[in-house]
Amino acid sequence: MIKFINVFIEAFPFFMNGLVFTAELALSSISIGFVIGVLVAISRTYGNKLSYSISTIFVESIRGTPLLVQLFIFYFAFPQIGIHLSPLVASIISFSINSGAYQAEYIRGSIQSIDKGQMMAALSIGMTKWKSILNVILPQSLIKVLPSWTNEFAYLVKYTSVAYLVGVPELMAQGEFVASRNFEFMDVFLGVALIYLVIVMILTWGMSRIEKMVRMPGV
Amino acid sequence: MKVLEVRNLKKRYDSNEIIKGISFEMEKGETVVVIGPSGTGKSTMLMCINRLIEPDEGKIFLNGEEITGSKHPEIFRQRIGMVFQEFNLFNHLTVLDNVRIGPIKVKKLPKDIATKVAIENLKKVGLESRMNAYPAQLSGGQKQRVGIARALAMEPQLILFDEPTSALDPELVGEVLEVIKKLAREGMTMLIVTHELGFARDVADRIIFMENGEIIEQGGPEILANPLKERTKQFLAKFREGR
Amino acid sequence: MDLLSILQVLLKGTLITAELAVISFAMAFVIAIPFSLGQVYGNIPIKIITTSYERIIRGVPLLVVMFIIFFGFPSIGIRFDPFTASVLSLGICSSAYQSQIFRGSLLSVPNGQIMAGQSLGMKGTQIFIHITLPQAIRFSIAPLTNEFTIVLKDTSFAYALGVTELLREGTYIISTTYEPLLIYLLCAAIYFIITFSTNSIVRRVEKRFAIHGFEFRGERA
Ligand SMILES: Nc1ncnc2c1ncn2[C@@H]1O[C@H](COP(=O)(O)OP(=O)(O)OP(=O)(O)O)[C@@H](O)[C@H]1O
Ligand SMILES: [Mg+2]
């Protein structure tokens, strides 16, 4: 235990350096993914045949394949068609797209769970379809989707660790860097695990606070 | 000028004709009550009027302007209020926001003016004290009164009511009917679908009896006591038994 | 390399991928059942232990678990080959999610069902076996299928330990053909075919065994 603490303290500055990248990866991907998710969910629910088909193919193909393969396509395969992305950018793009597809499914489910009467009432006071979606359907769906969204955020935070495999110096990579020097693989990676665990727990706790704050009373 | 004119309205689902050519008119300030058995197409007809359901045939005019065929039904919906059986209040908004969202987002009124309008209408339905509550914190009767205030806030030329008290516990029906009666006295033009025959007799200038997608009989409230058509008699008799 | 031999190599990797997925999923299942029972029916210490296990494992990335098991354990004298280390990691991580699924399914059997069982004079274990469990199993089919496809996709992490699964085989081919786009898209297509067919087979089975008016519930993980 003492040894673990010593190793952890020694590695801590490296962990913090990595954490900056992990946070950058997670925050930018969840945000870009959110925008993608909302747009795709809306086009799957309210779009015409064409946009429905395109967004369905998008969601199904992303959800049907591993994140790691998607990342490798952006990082290792895109140069073949002349697009060279840095490890960080390739990671953010693939994580955003991946998370976007999952968020789209959660949001779509949430939209579909909203009572039809809400749309009718919005239309009845003279809102257009798009205004109704924006002012009535979407706010309610986003409140309802929060628990699943938190889940997705936690998944994403953990999945950012694969950015290590294309050379982003995030938390995992820093762990590998430290351990390959002091050979304390066990203690170093337990330390890394601990940091992820703490992040995920803070995230879950914080989101449940937010859920309580924005919850529609009685619904 | 007629506020509402419905000419030969028809609606089909697949091969099933739900509305089979309905025509009637409404004068300004008139309260018309529609009664009839369940599944007759009353709700469908009502929603065809503001085109929440797209009619298949026929023409509908609001103050002489044709609603049917317009590319922008929302323009007419701004001028036609609707009150739903299931209230359909916006669950994520407070009572005040429910009432002023139309004026703000649709009519583009400045927020302070919209708020004034909303509070005025909440007063009318006796709920200004609950304006910061959320729908789920209200009783059914209160919800429906907010629903009415929401419709009123758009200053509509006509309000459609679809069984406004059918989802309410019996002891809450009265407060909602009182509000509607008050609107009738104030000269609001209203088309009301209801099963409350006593209320219909009190409030209606005219009663339309509908069955199987057709108007069977219409006339003043006295037809409730002395219907001319056999079908109307049967319906009313059954209804009284049922009560 | 021609397309045929490429596909042959990828197929070899696919078999390893499938092995990884099936073995880890089964292992996770075996762990998850007692843990979920502990979470629902256990006494307080058992509830605390099983719940902490679930929470902790769900908070740690699979890749980190893999590195602890593969690189960390040798320092306490336990050595695993890459395949075994991958199976253990995948299994442990999935067990936490599966335990969550079973817990949710058990808890979503309505209380009235249990009371009805009691009213017939059934004992606790009888109620569990004849009433709670059959319903809970049906609730958990959809989320479990989803979890299986997640495990399947996560087997690609075994690449990091050098297991010659699909993604690793693909990468080997790329090092000789320099066709990353084609090869990785082929890999993606293979993963897609497996997840897609898993989903549609289960959906069909679900339909076969559907009881009218009995909805499959349970949050999709
Ligand atoms: N979207 C639809 N598709 C097919 N049939 C429909 C649809 N909507 C309504 N109907 C049918 O149209 C008929 C009329 O329905 P409507 O709701 O207008 O009746 P109603 O007179 O309002 O009845 P109630 O008093 O029960 O409210 C019913 O038989 C119903 O089954
Ligand atoms: Mg109706």
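This is a predicted model: local features need pLDDT of at least 70, side-chain atom pairs count only at pLDDT 80 or more; totals for chains, interfaces and linings use all residues.
Next, display strand S1 (residues 2-13) and strand S4 (residues 57-62) of chain B. The two run antiparallel and are joined by five bridges.

From S4(B), step back to the loop between helix H1 (42-49) and S4 of chain B, where Arg51(B) has its place. Arg51(B) is not a glycine, yet its phi is positive, at about 60°. Is this residue, Arg51(B), buried or exposed? Arg51(B) has 9% relative accessibility and therefore counts as buried, the limit being under 20%.

**The S6-S7 pair of chain B**

Now select S6(B) together with strand S7 (residues 158-162) of chain B. Their pairing is in the parallel sense and extends over four bridges. Within this pair, Met82(B) is placed opposite Leu160(B) in S7(B).

**The contact between chains B and A**

The contact takes 24 residues from chain B and 22 residues from chain A. The size of an interface is often given as the accessible area lost when the parts come together. For chain B and chain A, the buried area is about 1900 Å², with 68% of it on carbon and sulfur atoms. Select Phe90(B), Asn91(B) and His92(B): together they supply 28% of the area that chain B buries against chain A, more than any other three residues.

Between chain B and chain A there are zero salt bridges, and five residue pairs are in polar contact, both residues at pLDDT 80 or more. Helix H2 (73-77), strand S6 (80-83) and helix H3 (95-106) of chain B are the elements that give two or more residues to the side of chain B that touches chain A. H3(B) gives the most, with four residues. By class, this side of chain B has 12 nonpolar, seven polar and five charged residues.

**Chain C as a whole**

Along the principal axes, the C-alpha trace of chain C spans about 70 × 45 × 20 Å. Chain C has 221 residues, of which 48% count as buried. Among its contacts between residues at least 6 apart in sequence, 76% join residues at least 24 apart.

Zoom to the loop between H7 and H8 of chain C, where Tyr178(C) is found. Tyr178(C) is not a glycine but has a positive phi of about 55°. Its relative accessible area is 62%, and Tyr178(C) is exposed.

**The contact between chains C and A**

Show chain A again beside chain C. Which pair of chains has the most contacts among the two pairs that touch? The pair is chains A and C. This contact takes 40 residues from chain C and 37 residues from chain A. The area buried between chain C and chain A is about 3400 Å², and carbon and sulfur atoms give 73% of it.

The interface of chain C and chain A has zero salt bridges and nine residue pairs in polar contact, both residues at pLDDT 80 or more. Colour helix H2 (44-58), helix H3 (62-72), helix H6 (124-154), helix H7 (166-177) and helix H8 (180-208) of chain C: each supplies at least two residues of the side that touches chain A. The largest share, nine residues, comes from H8(C). The residues on this side of chain C divide into 26 nonpolar, six polar and eight charged.

**Last view**

Finally, display chain B and chain C together. No contact joins them, and their closest C-alpha atoms lie 23 Å apart.

Note on methods:
Residues are numbered from 1 along each chain as its sequence is written. Chains are lettered from A and ligands numbered from 1 in the order in which they are written. Side-chain values use heavy atoms; hydrogens and water are left out. Contact means heavy atoms within 4.5 Å. Buried area is the accessible area (1.4 Å probe) that two parts lose on being put together, summed over both. A salt bridge is a side-chain nitrogen of Lys or Arg within 4 Å of a carboxyl oxygen of Asp or Glu. A polar contact is a pair of N or O atoms within 3.5 Å; within protein, one must be able to donate a hydrogen and the other to accept it, and residues adjacent in sequence count only if both atoms are side-chain atoms. Ala, Val, Leu, Ile, Met, Phe, Trp, Tyr, Cys and Pro count as nonpolar, Asp, Glu, Lys and Arg as charged, and the others, Gly among them, as polar. Two strands pair if DSSP finds at least two bridges between them. Buried means under 20% relative accessible area, exposed over 50%, partly exposed in between (1.4 Å probe, protein chains only).
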